[in-house]
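Hi everyone, thanks for making time for this. Could you bring the sequence and the structure up on your screens before I start?

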Amino acid sequence: MEKSYSQRLHNVIPGGAHTYSRGDDQFPSNAPSILERGEGAYVFSPEGNKYLDYGMGLRSVNIGYGNKEIADACYEEILKGNNLTRASVTELKAAELLCELIPSVDMVKFAKHGSAVTTAAMKLARAYTGRKMVAVPVEQPFFSYDDWFIGSTVLTRGTVEEASQLTLKFNYNNIDSLKALFDEYPNQIAAVMLEAATTLEPTANFLREVQTLCKANGTVFIIDEMITGFRWDLQGAQTYYGIEPDLCTFGKAMANGFAVAALAGKREIMQIGGILDEGAERIFLTSTTHGAEMSALGAFIKTMEILKRDLVVDHFWNYGNKLVTGINNISKELGIHEQFYVEGYPCSPNYVAKDKDHNVSLAMRTLFAQEMLEKKIMMPYIAVSYSHQEIELDMTLSAVKHALTIYKKALESGLEVYLKSPVIKPVFRKYN
């Protein structure tokens, strides 16, 4: 018997994909196990099935799959040689563009993925302060696959315990919990890193208080903008909330799916990774062969042009508003608005699935995703792109009505009648 795509993937790739978020255990069993291509807001399986996609390349595709302008910009750079022996003009243009765009940014180092730059930010903060400890919010699930962070989660296998012991945890939106760390470890905390917002909105003056607390203690304040960057605001969540980090990190939607990440920030800190300060002890900051690959940086430059020209960030908010309102209205009409609702920021909304006892339920989430797929809409989470327009909104709300009608029946008469798939699992769990 011919092996399935899933069997072939797992035979040659641990986990069956190159991020766990793409794994079989993240989707209902009626999801396509493999995809062949994407176009606009749609993805296609090898069998020719077409799905409206809300995963959008793990949020990295913000304009749309296969955008010709961006692809052409990328191709032009490939024809220039793609990766040259010395710094390229494209590399300089990209760096100057980011420095001009983000008010807190004086200098930048490009890399290929988020973990490289978040880890580099922590290394730089330690070098700058001469301290070892770093702090992150316990509620925010992922900053890096490197030991300093992933070893501080339940996923400790293969990590060096000593590295993660230097990572402290505080509670998001609880400034007292961070103050307690500074009291317990005086003059020992090199950096505080956090996402400005997730589905949770920062309360009161929380972010400014973190910034003030870091400054008072000589600690580097780092905002991780992997998800918020170029989505909350063209200048990132830091501008949206009026804060000024010492360092910031970007990735995901910088280049419409092409691999670009960035560590950026104030010259005073960034320049210690330089080579001009004669006699100064060196730090080996991100130094990667492909970090300034011209094709990806060409895509970044063109993506920024489109974001500005077409007011794409405004579109995220407008489309998201309509989507959130539409879904929540359907849920309310069906009388299940306490068991299923969409929360968070319209530019990056999140759906919450609960059981009849009002407990958050992965089984009910699986059922909703399964029924959306029955209508050829893949919604593991909600990542809005510029290619999601009115026709896609109408398709989505029609499918949501179907999915939530089944959801209501499952609440009333039992999930087992309707759920045809194993329940999806959290990515960040200790055991398979």
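First, a word on the source. This is a predicted model, in which local features need pLDDT of at least 70 and side-chain atom pairs count only at pLDDT 80 or more, while totals for chains, interfaces and linings use all residues. Residues are numbered from 1 along each chain as its sequence is written, and side-chain values use heavy atoms, with hydrogens and water left out.

When I say helix or strand, I mean DSSP runs numbered from the N terminus: H or I of at least four residues for helices, E of at least two for strands.

Let's begin with helix packing. Two packed helices are described by the angle between their axes and the distance between the axes. The axes here are lines fitted to C-alpha atoms, for helices over the stretch in contact, with angles from 0 to 180 degrees between N-to-C directions.

Please find helix H3, residues 68-79, and helix H12, residues 294-309. Their axes are 7 Å apart, at an angle of about 150°. H3 is therefore roughly antiparallel to H12; the classes are under 35 degrees for roughly parallel, over 145 for roughly antiparallel, 65 to 115 for roughly perpendicular and oblique for the rest. The crossing is right-handed, that is, the near helix is turned clockwise from the far one by less than a right angle.

Which residues of H3 meet H12? They are Glu69, Ile70, Ala73, Cys74, Glu77 and Ile78, where contact means heavy atoms within 4.5 Å. On the H12 side, the partners include Met294, Gly298, Lys302 and Arg309. By class, this contact has seven nonpolar, three polar and four charged residues. Nonpolar covers Ala, Val, Leu, Ile, Met, Phe, Trp, Tyr, Cys and Pro, charged covers Asp, Glu, Lys and Arg, and the others, Gly among them, are polar.

Now move to H13, residues 312-333, and H15, residues 390-413. Their axes come within 10 Å and cross at roughly 25°, so H13 is roughly parallel to H15. This crossing is right-handed too. Among the H13 residues in the contact are Tyr319, Leu323 and Ile330, and H15 brings Leu393, Leu397 and Val400, among others. The contact counts eight nonpolar, three polar and four charged residues.

On to the aromatics. The structure holds 16 aromatic pairs, meaning Phe, Tyr or Trp rings (for Trp, the six-membered one) with centres within 6.5 Å; planes under 30 degrees apart are stacked, over 60 edge-to-face, and the rest tilted.

Tyr240 and Tyr345 are edge-to-face, at 6.4 Å centre to centre with 85° between the planes. Tyr240 sits in helix H10 and Tyr345 in strand S11, so this pair ties together parts 105 residues apart in sequence. Tyr240 is partly exposed at 38%, whereas Tyr345 is buried at 7%. For relative accessible area, buried is under 20%, exposed over 50% and partly exposed in between, using a 1.4 Å probe and protein chains only.

Phe340 and Tyr351 are stacked, at 5.7 Å and 25°. Phe340 is buried at 1%, and Tyr351 is buried at 2%.

Last, the backbone. Most residues other than glycine have a negative phi. Leu311 has a positive phi of about 50°, in the loop between H12 and H13, and is exposed at 51%. Lys376 has a positive phi near 65° and is partly exposed at 35%.

Thanks, everyone!
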